[in-house]
Amino acid sequence: MLRVHFTTDDLARVRVATAPDPLWEITNSFQALAGAEAPLLFGDWRRLVRPRLRPGHALLAALLPPRGYTPDFLTPDLGGSYDLEGAVDAVLRTPRTVLRRDLTTLAASPRRARPLPSEARALADGEPSVLRRLGAALRGYHRSALAPFWPQVRAQVDADRAVRTRAVLSDGTDGLLASLGPVLRWRPPVLEADYPVQRELRLDGRGLLLQPSLFCLRRPVTLAAPDLPPVLVYPIQHSLGWARPLGRPAPGGDLAALIGRTRAAILEDVVTGRTTGELAHRLGISGAAASQHTAVLRRAGLLLSVRRGRYVLHTITPAGSALLEGTGSV
């Protein structure tokens with residue numbers, strides 16, 4: 001069980017990440033790739049990615065076991081920047097004392113089936129050549145396993161962020177934390193979740209960064225060291241078939257002429273997230289017509305729909321945004 005304890009100051013300092021974190025997606029996806037969980041969500045992605053893996057990923061395999069402890073230094077605080085190169089540089093700048101601490105903890109993990117390889121032990125000493133190999137492994141894995149799907153990853157995370165934004169606007173921080181159910185359970189002033197170990201995370205006024213992750217499976221993840229900036233990585237609701245390519249924007253022309261005036265208006269309106277009922281009311285059409293139009297746009301890869309309780313929230317995808325930007329306003 002994981003229990004996150006909030007003070008009044010912490011509730012004022014809760015924030016949701018503005019984008020997927022490349023390092024958390026690397027660590028979570030690498031572990032998801034090794035397993036067979038959630039085949040409907042990740043089966044297509046696994047079949048596409050596994051043939052692309054290279055021997056250079058062996059170092060990542062040693063550092064990222066499918067279960068148990070994951071070294072904190074692989075997912076540092078990026079300060080709100082989500083650039084891959086900057087993220088990898090932050091990993092490579094990890095102080096030697098932190099490398100040694102984290103890798104000692106990894107070596108002692110009771111779930112390890114075999115000792116760490118010599119390369120990992122050299123990494124604990126901060127050997128520059130091994131750090132360079134780690135950087136190359138992180139970049140190479142991202143290039144093979146994540147970069148081809150990054151627009152889909154962004155679209156899924158953006159849809160989740162729209163859900164959280166609506167929760168905040170409706171019911172404040174209390175509504176935001178309650179919206180994380182059923183994976184997380186908000187019982188003020190404690191946020192609870194199932195967890196492989198017993199963990200009490202006391203924020204003590206530091207606040208909390210909520211990081212949505214496409215590859216986080218079933219339960220949240222947090223850093224092990226209690227002195228690090230608090231972050232809670234949580235699984236988002238996925239759309240089946242997310243690994244398929246998103247639609248490509250049509251070249252040139254007026255947007256209404258390309259996709260129809262009503263669908264063009266819907267596409268512009270879902271930039272900030274709209275429910276089917278809201279679209280029907282704002283555009284003066286029936287709920288059935290709004291559902292039909294959003295279904296066409298969804299199949300074209302221009303918007304994403306996420307069910308939240310009794311309503312469906314629609315948000316624009318990167319392909320939809322590119323279409324809006326490329327054709328101008330209607």
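# Chat: pockets, charges, rings and a sheet

A: In this predicted model, the largest pocket has a lining of 34 residues. Pro 66, Arg 67, Gly 68, Pro 196 and Arg 219 are the ones nearest its centre.

Q: OK, how much space lies in the largest pocket?

A: About 1,000 Å³.

Q: How does anyone spot empty space like that?

A: Rolling a probe the size of a water molecule over the atoms shows where space is left empty.

Q: Which helix and which strand each supply at least two residues of that lining?

A: Helix H2 (22-34) and strand S7 (221-222). H2 gives the largest share, with six residues.

Q: And by class, what does the lining of the largest pocket have?

A: There are 18 nonpolar residues, nine polar ones and seven charged ones.

Q: What about the second largest pocket, what volume does that have?

A: About 540 Å³. Its lining has 33 residues. Nearest the centre of this second pocket are Thr 75, Pro 76, Asp 77, Leu 78 and Pro 229.

Q: Which strands and which helix supply at least two residues each there?

A: Strand S2 (14-16), strand S6 (208-213) and helix H6 (96-107). By class, the lining of the second largest pocket splits into 17 nonpolar, seven polar and nine charged residues.

Q: Switching to charges. How many salt bridges does the count come to?

A: The count is 15 salt bridges. Side chains of opposite charge can pair when their charged atoms come close.

Q: Show me one. Which residue forms a salt bridge with Arg 3?

A: Glu 200 does. The closest N and O atoms of the two are 3.3 Å apart. This pair links distant parts of the chain, 197 residues apart. Arg 3 sits in strand S1 (residues 2-5), and Glu 200 sits in strand S5 (residues 199-202).

Q: Why does Arg 3 count as partly exposed?

A: Its relative accessible area is 24%.

Q: Which residues are linked with Arg 3 in a network of salt bridges?

A: Arg 187, Glu 192 and Glu 200.

Q: One more. Which side chain meets Arg 185 in a salt bridge?

A: That of Asp 194, at 3.4 Å from N to O. Arg 185 is partly exposed, with a relative accessible area of 21%. Asp 194 is partly exposed as well, at 48% relative accessibility.

Q: Now rings. How many aromatic pairs does a search of the whole structure find?

A: Eight. One of them joins Phe 42 and Trp 45. Their centres are 6.4 Å apart, with 70° between the planes, an edge-to-face pair.

Q: How far apart are Phe 42 and Trp 45 in helix H3?

A: Three residues. That separates them by about one helical turn in H3 (residues 39-49). Both Phe 42 and Trp 45 are buried.

Q: And why is the pair of Phe 42 and Trp 242 edge-to-face?

A: Because their planes stand at 75°, and over 60 degrees counts as edge-to-face. The ring centres are 6.1 Å apart. This pair links distant parts of the chain, 200 residues apart. Phe 42 is in helix H3, while Trp 242 is in the loop between strand S8 (231-235) and helix H10 (255-259).

Q: Phe 42 and Trp 242, buried or exposed?

A: Phe 42 is buried, at 0% relative accessibility. Trp 242 is buried, with a relative accessible area of 4%.

Q: Which residues form one aromatic cluster?

A: Phe 42, Trp 45, Phe 149, Phe 215 and Trp 242.

Q: Last topic, the open sheet. What order are the three strands in?

A: The order is S9-S11-S10, with antiparallel pairing.

Q: Which strands stand at the edges?

A: Strand S9 (274-275) and strand S10 (303-308). Each has a single partner strand, so one side of each is left without a neighbour in the sheet.

Q: Over how many bridges do S10 and S11 pair?

A: Six, in the antiparallel sense. Strand S11 covers residues 311-316. His 314 in S11 is the bridge partner of Ser 305.

Notes. Residues are numbered from 1 along each chain as its sequence is written. This is a predicted model: local features need pLDDT of at least 70, side-chain atom pairs count only at pLDDT 80 or more; totals for chains, interfaces and linings use all residues. Side-chain values use heavy atoms; hydrogens and water are left out. On a 1 Å grid over the protein atoms alone, a cavity is a set of points where a 1.4 Å probe fits but cannot get out, and a pocket is an open set with protein on both sides within 12 Å along at least five of seven lines; lining residues have an atom within 4 Å of a point. Grid points are joined across faces, edges and corners, and a volume is the space filled by probe spheres set on the points. Helices (H or I, at least four residues) and strands (E, at least two) are DSSP runs, numbered from the N terminus. Ala, Val, Leu, Ile, Met, Phe, Trp, Tyr, Cys and Pro count as nonpolar, Asp, Glu, Lys and Arg as charged, and the others, Gly among them, as polar. A salt bridge is a side-chain nitrogen of Lys or Arg within 4 Å of a carboxyl oxygen of Asp or Glu. Buried means under 20% relative accessible area, exposed over 50%, partly exposed in between (1.4 Å probe, protein chains only). Rings of Phe, Tyr and Trp (its six-membered ring) pair if their centres lie within 6.5 Å; planes under 30 degrees apart count as stacked, over 60 as edge-to-face and the rest as tilted. Two strands pair if DSSP finds at least two bridges between them.
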